[in-house]
Amino acid sequence: MIEFQSVSKKYSADTLALADVSLNIGKGELVYLAGPSGAGKSTLMKMVAAIERPTSGRVTVNGQDIGKLNKAGVPFLRRNLGLIFQHQRLLNDRNLLANVMLPLIVTGAPKAQAAERARAALDKVGLLDRARVLPMELSGGEQQRVAIARAIVNRPQIILADEPTANLDRAAADRVIDALHAFHSAGVTCVISSHDEQILDAGARVIRLEHGRLVHGGAA
Amino acid sequence: MNIWFRQHRFAFGGALATLRKAPGSFLFNVLVVAVALALPFAGLTLLDNVRPLSEQLSVDPEISLFVKPGVPREEAQALAPQLQQLLAGNHAKISFVPREQALDNLKSQSDLTDVIETLGGNPLPDSYVMKLEGFTATAGADADRVDLLAEHMRALPGVDSVQVDSAWVKRLAALLGVLRLALLLLAVTLGVVVIAVVFNTIRLQVLTQREEIAVSKLLGATDNFIHRPFYYTGALLGLCAGAVALGAVALALRPLNTAIAEFARLYASDFQLAPLSPLAVAGLLAISAGLGLVGALLSVQRHLARLK
């Protein structure tokens, strides 16, 4: 489903974010991407979402070569991904329902249908009763759960969660991880990056990066 | 088709929502653009009213030939065959106007009877009036031919002066030509101003909505989806400004017409400035919206390209 073949990424002549990384993530897998800050986890995630392109090597997502994907094809690739960011990136001038509806609205889904599915997604993360409040009225953990609802509302094949528990207390972090595990159990491929070793699930596959190099877990 | 229509409806709604968020700013921009549009619209209204007037005036040209004072009547009448010879090949009606008849005409057509009586004698010369048919006074080639004929007539013996009566119509037509060109240049200049104002308005909106644009892109929004609300905002801004400018011009016609009526009465005319036709209004509104759209298009192309 996700394949990296000898992928390197240079931001400048002296900044090597990824160095010759090869890995495979199969359909329905739960994968933790571990490593300290600056290890290249975010760069790897960005390549899967075609936010960054490899300097060399090949990245394939759902059979699509990211390096060869044209500009018009990027939105359609992203519609099959659920993206969760460290800083949730919710729109603060819109209520939770409107935020969660957005991935459906951009695809041209009817408003009523988008609202119905957004309410269902909010219900799954336990925030339906707060659908009409603004993101700023929520705690960090709750905001991250809204971001999860937004990521799963368009029923993606892959969820990419980049440091979803950073800045959260342990209880809030556990709730976020539990929510992601629930979606993985429903068959969604989940890639969760974190520098926090405590959240790693002992039973799950761990891919470890250090200084842009893969040090563990590249093969499925 | 349904998705296309829904996305446009969403974009239009998005544009309206943005305007509702900052109505003061939108109104201010509408006023700035309206001021820029009002000038060419007012000029167009004026030209639109004057054009038929000048066309109506550009009738068959008339040449008046005045005989020198003191030239005997027989000599004056002897000019007729020479004039006929000059005008041979043209459809022309030649009338000899004796000085006595000219004085009678003047007395009957003006309120100057008392003034004329005080002169004692008849100051008017014998004259000829020649009406040329099949000519257009404002057409270049015809006008040149009329001028040439007048030049030949001036060279005839006993002729004091020759006046082409349509000369002022030519001048008016030339003046209207200059005004039309000036209006076009003004319209182009102010069109650029409108585009610049809309360009800047959209630039500020793009900056304000930077985060929303970035998030939408990450969630799978296409460029068209992101651009459309800005296009609608630009077109709406142009449309509203066009409507305000046309309204202002229409309102200004009332006091102008009061002043014009008094002036026109002096010339026994009932000339009034009429508002533009509905078709012209629709055209100008479309142009205004189009200018707004162009401003938005340029701004979006320039500023959104910078957002990754």
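Biologist: Which residues does Ile148(A) touch, not counting residues up to four places away in sequence?

Modeller: In this model, which is a predicted one, Ile148(A) touches Ile84(A), Val125(A), Val176(A), Ala179(A) and Leu180(A), with residues up to four places away in sequence left out of the list.

Biologist: And which residues touch the most other members of the largest nonpolar core?

Modeller: That core holds 71 residues, and those touching the most other members are Val100(A), Ile148(A), Ala149(A), Ile159(A), Leu160(A) and Leu180(A). Helix H3 of chain A, residues 96-105, gives the most to this core, contributing 7 residues. Apart from that core lies another one of 34 residues, among them Phe199(B), Tyr231(B), Ala296(B) and Val300(B). As general background, nonpolar side chains in soluble globular proteins tend to be buried together.

Biologist: OK, chain A overall: how many helices and strands?

Modeller: Chain A comes to 6 helices and 10 strands. Its radius of gyration is 17 Å, and the globule rule gives 17 Å for 220 residues, so chain A is as compact as a globular protein of that length. The C-alpha trace of chain A spans about 45 × 40 × 30 Å along its principal axes, and buried residues make up 43% of its 220 residues.

Biologist: What about strand E4 of chain A, which strands does it pair with?

Modeller: On one side of the bookkeeping, E4(A), residues 56-61, is joined to strand E1 of chain A, residues 2-12, by 5 bridges, and the two run antiparallel; within that pairing, Ser56(A) is the bridge partner of Ser8(A). E4(A) also pairs in the antiparallel sense with strand E5 of chain A, residues 64-65, over 2 bridges, where Thr60(A) stands opposite Asp65(A).

Biologist: What sits between E4(A) and E5(A)?

Modeller: The two strands form a hairpin with 2 residues between them, and Asn62(A), which is in the turn, has a positive phi of about 50°.

Biologist: Switching to chain B, what radius of gyration does it have?

Modeller: Chain B has 31 Å, whereas a compact globule of 308 residues would have a radius of gyration near 19 Å. Taken along the principal axes, the C-alpha atoms of chain B fill a box of roughly 100 × 40 × 30 Å. Chain B has 11 helices and 4 strands, and 28% of its 308 residues count as buried.

Biologist: How is it split into domains?

Modeller: The domain assignment gives domain 1 of chain B as 2-56 + 171-304 and domain 2 as 59-165, and the C-alpha centres of these two domains lie 52 Å apart. Residues 24 or more positions apart account for 86% of the contacts in chain B that have a separation of 6 or more.

Biologist: Gln77(B), then: buried, exposed or partly exposed?

Modeller: Gln77(B), which is found in helix H3 of chain B, residues 73-77, counts as partly exposed because it has 14 C-beta neighbours inside 10 Å. From C-alpha to C-alpha, Gln77(B) and Ile287(B) are 61 Å apart in space, and they are 210 residues apart in sequence.

Biologist: Last topic: how many residues does each chain bring to the contact?

Modeller: The contact takes 13 residues from chain B and 13 residues from chain A. On the side of chain B that touches chain A, helix H1 (2-21) and helix H9 (210-218) of chain B each supply at least two residues, and the residues of that side divide into 7 nonpolar, 4 polar and 2 charged.

Definitions and conventions: Residues numbered from 1 in each chain as written. Chains lettered and ligands numbered in written order. Predicted model: local features only at pLDDT ≥ 70, side-chain atom pairs only at ≥ 80, totals over all residues. Contact = placed C-beta atoms within 7 Å. Nonpolar A, V, L, I, M, F, W, Y, C, P; charged D, E, K, R; others polar. Core = buried A, V, L, I, M, F, W, Y, C linked by C-beta atoms within 7 Å. Buried ≥ 20, exposed ≤ 12 C-beta atoms within 10 Å, placed from the backbone. Rg over C-alpha atoms; globule rule 2.2 N^0.38 Å. Domains from an automatic or database assignment. Pairing = 2+ DSSP bridges.
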